[in-house]
Amino acid sequence: QVQLVESGGGLVQAGGSLRLSCAASGRIVSINAMGWYRQAPGKQRELVAVITSGGVTNYADSVKGRFTLSRDNAKNTVYLQMNSLKPEDTAVYYCNAYLIENGGTWRNYWGQGTQVTVSS
């Protein structure tokens, strides 16, 4: 059974930094893209950043220049370094991975979510 385990959320003041981690485990054959989405109260879930197995990244315009997504393929882990945080970054952040597990098919998996709160 595939699991995405997230860590690193919390409360920080505006201008501060946080680092999120997400580790995928289970009978994983291959992972294509991994990344982060977020959902603020009353809003739809939106893409924050995604990285392919080849290291190509894509960021939401709202986080470009402030957030950096990296990936350790050997550990099936992605890291989201968030700098210059703003109150509008406050949301539940969800890890996502598009992967195939042994005996399965390619599909999306989601973590349980981690709260990021930025105070003004």
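**Close-up views of a predicted model**

A search of the whole structure, which is a predicted model, finds one disulfide.

**View 1. The disulfide between Cys-22 and Cys-95.** The sulfur atoms of Cys-22 and Cys-95 lie 2.0 Å apart. Distant parts of the chain are linked by this pair: Cys-22 belongs to strand S3 and Cys-95 to strand S9, and the two are 73 residues apart. The torsion about their S-S bond is about -85°, so the disulfide is left-handed. Both cysteines, Cys-22 and Cys-95, are buried.

**View 2. The largest nonpolar core.** This core has 32 residues. Trp-36, Leu-80, Met-82 and Tyr-93 are the residues with the most contacts inside it. At least two core residues come from each of these strands: S3 (18–25), S4 (28–39), S5 (46–51), S7 (67–72), S8 (77–82), S9 (91–101) and S11 (114–119). Strand S9 gives the most, with five residues. In soluble globular proteins, nonpolar side chains tend to be buried together.

**View 3. Asp-89 and the residues it touches.** Asp-89 is found in the loop between S8 and S9. Its relative accessible area is 0%, and residues under 20% count as buried, so Asp-89 is buried. Leaving aside residues up to four places away in sequence, Asp-89 touches Arg-38, Arg-66, Phe-67, Ser-84, Val-116 and Val-118.

Note on methods
Residues numbered from 1 in each chain as written. Predicted model: local features only at pLDDT ≥ 70, side-chain atom pairs only at ≥ 80, totals over all residues. Heavy atoms only, no water. Core = buried A, V, L, I, M, F, W, Y, C linked by side-chain atoms within 4.5 Å. Buried < 20%, exposed > 50% of the residue type's maximum accessible area, 1.4 Å probe, protein only. Helix = DSSP H or I, 4+ residues; strand = E, 2+ residues; numbered from the N terminus. Disulfide = S-S within 2.5 Å. Contact = heavy atoms within 4.5 Å.
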